[in-house]
Amino acid sequence: MIRIVAIRVVDRIKESGNTQKVLTTHSDLILARLGFHELNEMVCSREGYIVLQLRNDHEACSAFMNDLKGIYGIEIKELLLCDSQPEQENVPAGAKVTLAAVKILDRHEIVTKVQKVLSLYGCSIRTRMGINLGAESGNQGLIILELCGDIDQINSLAARLSSLENTCSGLIWFG
């Protein structure tokens, strides 16, 4: 099982210190981390997002989640990816940030098909992070995507990913 936690920091300037303190306290639980916020020539958003891949340690994850819930000004979502495909929900209209996670069960068998889907929907992918799950997981990998654009395209991409053999995928969104 792969555990993904996404955190929306409503005011990253105000809450980043408290959030970082909790992340540092539980750093031994964090296998991968991706942080981002909207940035362009006109704006540097105060809202930020952190995506984490956590070790599969139920007790440590519970303590971590409880510490996160004690921080005012953040929203937390969790996604568990197993080796079977769960029922996929559509992202609702009005979602501001959408993330997809794809667990690759056998990279050698499916890599070309996954890449074709990601290339086909490339205009809906803002950020992409690939993670080799290590020797203990064999040929498995994880892809985390920040999605953007047309909600129908995002839902179509999610449906295509969930239809692939040897993968398991899921979505997290913030409204």
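Helix 1 has a kink of about 25 degrees, centred on Asn 18. The bend at a residue is the angle between axes fitted to the seven residues ending there and the seven starting there. Helices here are DSSP runs of H or I with at least four residues, strands are E runs of at least two, and both are numbered from the N terminus.

This is a predicted model, where local features need pLDDT of at least 70, side-chain atom pairs count only at pLDDT 80 or more, and totals for chains, interfaces and linings use all residues. Residues are numbered from 1 along each chain as its sequence is written, and side-chain values use heavy atoms, without hydrogens and water.

Which residues of helix 1 are buried? They are Glu 15, Thr 19, Val 22 and Leu 23; buried means under 20% relative accessible area, with a 1.4 Å probe and protein chains only. An α-helix has 3.6 residues a turn, so residues three or four places apart point the same way. The cover over these buried residues includes strand 1 (2–9), strand 2 (30–39), strand 3 (44–54), helix 2 (58–69) and strand 4 (74–81).

Strand 1 and strand 3 run antiparallel and are joined by 7 bridges. In strand 3, Leu 52 stands opposite Val 5.

How values were computed
Buried < 20%, exposed > 50% of the residue type's maximum accessible area, 1.4 Å probe, protein only. Contact = heavy atoms within 4.5 Å. Pairing = 2+ DSSP bridges.
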